[in-house]
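Visitor: Before we look at any one feature, could you show me how the terms are to be read and then take me through the case at hand?

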Number of protein chains: 2
Amino acid sequence: MIKAQNLVAGQWQDNLKASTFHTLNPITNKPLPTQFQEASSSQIHDALIKASTIYESYASTSFKVRIEFLQSIQKELNKSSNDILKTYQEESALPSPRAEGEFQRTIDQIQRYIELLEEGTFIQPKINTSGPDLRKILYPIGPIAVFGASNFPLAFSTAGGDTISVLASGCPLIVKAHPYHAGTSALVAEAILKAISYCGLPKEIFSHLGGVSHRIGGELVSHPLLKGVGFTGSLSGGKALYDLAQKREEPIPVFAEMGSVNPILITEKRLLTDKNLSETLANSIAQGTGQFCTNPGMIILCDPQGISKITSKVIDHLSKMILPPMVHINIEKNYLLQLDKLQENEAVKLVRTSSSNSAIGVVSAEDVLKNKKLTEEIFGPFSLFVECKSMNQLKDLVKIIPGQLTATILAHKDDHSELVPLVTQLKNKVGRLLFEGVPTGVAVNQAMQHGGPYPASTDGRYTSIGTDAIYRWLRPITFQDCPNTLLPPILQNENPLKIYRLINGQLTKDTL
Amino acid sequence: MIKAQNLVAGQWQDNLKASTFHTLNPITNKPLPTQFQEASSSQIHDALIKASTIYESYASTSFKVRIEFLQSIQKELNKSSNDILKTYQEESALPSPRAEGEFQRTIDQIQRYIELLEEGTFIQPKINTSGPDLRKILYPIGPIAVFGASNFPLAFSTAGGDTISVLASGCPLIVKAHPYHAGTSALVAEAILKAISYCGLPKEIFSHLGGVSHRIGGELVSHPLLKGVGFTGSLSGGKALYDLAQKREEPIPVFAEMGSVNPILITEKRLLTDKNLSETLANSIAQGTGQFCTNPGMIILCDPQGISKITSKVIDHLSKMILPPMVHINIEKNYLLQLDKLQENEAVKLVRTSSSNSAIGVVSAEDVLKNKKLTEEIFGPFSLFVECKSMNQLKDLVKIIPGQLTATILAHKDDHSELVPLVTQLKNKVGRLLFEGVPTGVAVNQAMQHGGPYPASTDGRYTSIGTDAIYRWLRPITFQDCPNTLLPPILQNENPLKIYRLINGQLTKDTL
């Protein structure tokens, strides 16, 4: 049974006066049965008040308690997997393999945080005894709001990477569920609630609020008791939340991952020798009907002789693919509108396929250099192919490209020695720099960086994928000359968790 | 010879049309001879353009090169120490031991960064080979502006903790010198310039701009090529820069350390048994004529019986102290104005000493609970003593105290078991929590945290003292499937720097 209510500080609260909304089946565009209630202002306030009251108690829980909690969430998700997957597919129209893959990714992401807590050094204990006894550790910052993403109903939503990083960090969590998959989110919220109950944790650590109105996000981010925000979505949405957060009496961090065009740069030699290139690119452009934040929206070719047939080959591949609809009619409408606008630009040759909404544009580097707007993202199964006459022109183009989540250099082995200046240039632009493969598909581990210089993210110093995402919700605190018994266990003389600590500049598992 | 000009991208530029200003001797309040030039808009622009052009080259320098650079700065400072100390004392009127102590602290701070670069793990290399080959490292973010602080002409100014953390990180540096000690700053800038020249580094990595007008800071922070800001000073100054930075097309981080009242909380048993308490407190209040960011501006006493004589004893001690003047007449005027305002508050008993400008206020906890404004900082040799009738009232008071750099709990051994709730409460409020001693005096090492929740700092997740300050100027970048030769050396298979790296979740010095 899908809950139509809002979960406020661990309690499903009915509100018969609430505005309501439905989710749509993207294949039929017909509303699904559940009549969801929008969160009211008083429910938002209530969630924050209670999260704030319980914060210190949850922040002080041991890693062991949090590990059991995350394991319980995994169990409860697995128990409800049939219902969750059924609703996921009804609400997103994404095919079974994707649904199952994303479900498993969600379980795996939780597992990475379990391992992180088991290993323990992420909390960065630092001890110095050369003067006063100083012991530093990371500490949870307070109640956090996470906005579910439209394009990943599971892996970037109610039990997704952002939210699990919050719960693992020891911060109370308020989820603003994405209205396009409110049912999937409600089922996942129910699973988290059961895990809270099973572990005997205070239920106030979790709220799950729904709605289509921007009011809800605005009230959440402006609430004085909120301490941080995670968001994945559009530049306009992320920037609006960021600006709201900066206008508060106490500004708070907003980690908005706002996507980018993830340029793929291809050298001449690679372009002319890689037989699989067109298929690889077409698959990456079409993956998830182009609804990945790492979708390659710009492919920059170094083709001085103008002899590559890559664009027509990519179109051939795309034309053979039947793609599922986009996850919501509004996203599709916006995508098609942007394509129509692009078509008005005479510098761009737009080629659409008849098999789906996929398309590519072809444009010269000169024209992009003249019109920086062409470097902006068109969210969907589309990529702009930019033709360069030389590596120097390609480097000029890189200069005007704004901050990106990723960039990919596809070169031939013989090119490597000449790539140094390009690599140096791109390091300044991206969070992740690839030298093989495609940017879609983002591994979840400590070496991942998913976040780049603005406008890819509001704060490129942090990642939203991979376990380093936990650092968004932690800040350092130093204890000076603190009695051993009053210290957090990790900082106590005995090193009870037996983890690496930086003692007087040296990493060691020693006791003191 | 003190340079009156601005140092723009490594060149002293004369500008005869510039507005000019003088520094004052705080004892005589007479202007010192040098007629300093204010930086012009075009000089600011020039400094940023050139810093930005040289950024990638400086960012790619090895730790070895940066170590030699920092060592050269130490040498050049030592060579000029006589001139620097003479000008320091003329401009600040701070006594010789303080001048020499601060000079040595400046040298020592640089040494800590040399050691950090020698050890190397701060750069956080993380490698994962379970899927695609991912290698993550921290990378400098770009040109940084640092605003010199009024209260530390050396240790928080041109070669202070903020600026050295920038140079150690690999970011180009633009110093906005504090106009109250422009001569000291210019001499230090000259020493840094000599070190740049000696090491053969590009001189564009360093600019040193002066002026009294807010225009200069505003233009710097608004410049599109600037990537970050360090500031130590008032809440109004720091917040103004922060707001400017958030209004840019590309928002950038501003690390403003804006001071706080650093409450000292004293239990009844400690209050009645610690014979040295009044002297310890008086010394801390008066240290540096109260011009330390960790000055204890609020002392909260648990005195249910009302029998402690601590306030009169503190006044006795303060009355015996002859304090040097504050570092500038404007700071003193502002301090005295705030005391006058406080005197109008009937709830506060204000006691001034006749030997200096030092003073204390005495107020009941009830009155502070009624008037939150009393928790705001009065910058100078002053502390507000707040009398509580119980530990519960003390805890109520803690609830309304805003974010702080530090808090100190002075308790008796017998109290420890009862302190847990208070410790939990304070962890949420401060960057550093002390259990002995006084907050003034801030050790420089990796376990230090100097930065607390807003409004103590604009970003309590970072520190401005201790080598972790370097993290303000770094962001992660991940290389995926990168040819070994194109990787930064630290990430290469051979581990050429032989430092600890996190490989597949395990810390190791192994090669790959």
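Guide: Grid points are joined across faces, edges and corners, and a volume is the space filled by probe spheres set on the points. The model is a predicted one, in which local features need pLDDT of at least 70 and side-chain atom pairs count only at pLDDT 80 or more, while totals for chains, interfaces and linings use all residues. Residues are numbered from 1 along each chain as its sequence is written, chains are lettered from A and ligands numbered from 1 in the order in which they are written, and side-chain values use heavy atoms, with hydrogens and water left out.

Visitor: How many cavities of 30 Å³ or more does the search find, and what is the volume of the largest cavity?

Guide: The search of the whole structure gives 9 cavities of that size, and the largest cavity has a volume of about 530 Å³. Its lining consists of 28 residues, with Gln124(A), Tyr471(A), Gln124(B), Tyr462(B) and Tyr471(B) nearest the centre. For the elements, helices (H or I, at least four residues) and strands (E, at least two) are DSSP runs, numbered from the N terminus; strand 8 (134–140) and strand 21 (474–480) of chain A, together with strand 8 and strand 21 of chain B, are those that give two or more residues to this lining.

Visitor: How do the residues of the lining of the largest cavity divide by class?

Guide: In this classification Ala, Val, Leu, Ile, Met, Phe, Trp, Tyr, Cys and Pro count as nonpolar, Asp, Glu, Lys and Arg as charged, and the others, Gly among them, as polar. The lining of the largest cavity then has 12 nonpolar, 6 polar and 10 charged residues. The second largest cavity, of about 460 Å³, is lined by 23 residues, including Leu507(A) and Leu507(B), and these comprise 13 nonpolar, 6 polar and 4 charged residues.

Visitor: Which residues lie nearest the centre of the second largest pocket?

Guide: They are Lys427(A), Ser60(B), Thr61(B), Pro488(B) and Pro489(B), out of 26 lining residues. Two or more residues of that lining come from each of helix 15 (420–427) of chain A and helix 2 (63–79) and strand 8 (134–140) of chain B. The second largest pocket holds about 540 Å³ of space, and its lining divides into 16 nonpolar, 7 polar and 3 charged residues.

Visitor: How many salt bridges does the structure hold over all chains?

Guide: A salt bridge is a side-chain nitrogen of Lys or Arg within 4 Å of a carboxyl oxygen of Asp or Glu, and the structure holds 50 of them over all chains. For burial, buried means under 20% relative accessible area, exposed over 50%, and partly exposed in between (1.4 Å probe, protein chains only). Asp133(A) and Arg135(A) meet in a salt bridge at 2.7 Å, N to O, and both of these residues are buried.

Visitor: What parts does the pair Arg270(B) and Glu436(B) tie together?

Guide: These two side chains meet in a salt bridge at 2.9 Å, N to O. Arg270(B) belongs to helix 9 (residues 268–273) of chain B and Glu436(B) to the loop between strand 20 (430–434) and strand 21 (474–480), so the pair ties together parts that are 166 residues apart in sequence. Arg270(B) is buried, at 11% relative accessible area, whereas Glu436(B) is partly exposed at 33%.

Note on methods:
1 Å grid on protein atoms, 1.4 Å probe; cavity = no way out; pocket = protein on both sides within 12 Å on 5 of 7 lines; lining within 4 Å.
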